[in-house]
Amino acid sequence: MGRPRKPKRQTVANSGRPECPEHMSDAARDEWDRVCGELEEAGILGRLDRALLAAYCEAWEEFVELSVRVRKEGATVETDKGNIVQNPTLGAKNSAAERLIRIAANFGMSPAARAKLEAVEKSGDELGDFVKPRLVKRG
């Protein structure tokens, strides 16, 4: 029967850096700038990616803030009755990390996700790149 064909990656028709949402904090904006640069260089960023990228950057900000709190408060806390339990902040941090990893996979931001992606090699001719993309296997 054989292996199924790997789907060919299309060129990003709406390529270009999306505008950073105004509501994002400085930390989220810093991550936006860092990630946009990397994704543009890889040829996989499009203007339609704005909402997904914003969600990623906000998850990053939340993860960082919660990580700092867990470091200060510790992984466990004592209840009013004297029981030692997991710090609820640790659960929130883990939830933010899961969201971050899930969204990041959509952009190829892990070794496993990158192995599934193919980058588009751009020739500098916008019309030519749109009509006949040159696919280059990554990794």
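Colleague: How many helices and strands are in the protein chain?
Modeller: This is a predicted model. From the N terminus on, its elements run α-α-β-β-α-α-β-α-β. The count for the protein chain is five helices and four strands.

Colleague: What percentage of the residues of the protein chain count as buried?
Modeller: The cut-off for buried is under 20% relative accessible area. The chain has 139 residues. The share of them that counts as buried is 33%.

Colleague: Is the pair of W60 and F63 stacked, edge-to-face or tilted?
Modeller: A search of the whole structure finds one aromatic pair. The rings of W60 and F63 have centres 6.2 Å apart, with their planes at 35°. Stacked needs under 30 degrees and edge-to-face over 60.

Colleague: In which helix are W60 and F63 three residues apart?
Modeller: About one helical turn separates W60 from F63. Both are partly exposed, W60 at a relative accessible area of 29% and F63 at 21%. The helix, residues 50-73, is α2.

Colleague: Is N87 buried or exposed?
Modeller: N87 sits in the loop between β2 (84-86) and α3 (88-106). Its relative accessibility is 2%. The limit is under 20%, so N87 counts as buried.

Methods:
Residues are numbered from 1 along each chain as its sequence is written. This is a predicted model: local features need pLDDT of at least 70, side-chain atom pairs count only at pLDDT 80 or more; totals for chains, interfaces and linings use all residues. Side-chain values use heavy atoms; hydrogens and water are left out. Rings of Phe, Tyr and Trp (its six-membered ring) pair if their centres lie within 6.5 Å; planes under 30 degrees apart count as stacked, over 60 as edge-to-face and the rest as tilted. Helices (H or I, at least four residues) and strands (E, at least two) are DSSP runs, numbered from the N terminus. Buried means under 20% relative accessible area, exposed over 50%, partly exposed in between (1.4 Å probe, protein chains only).
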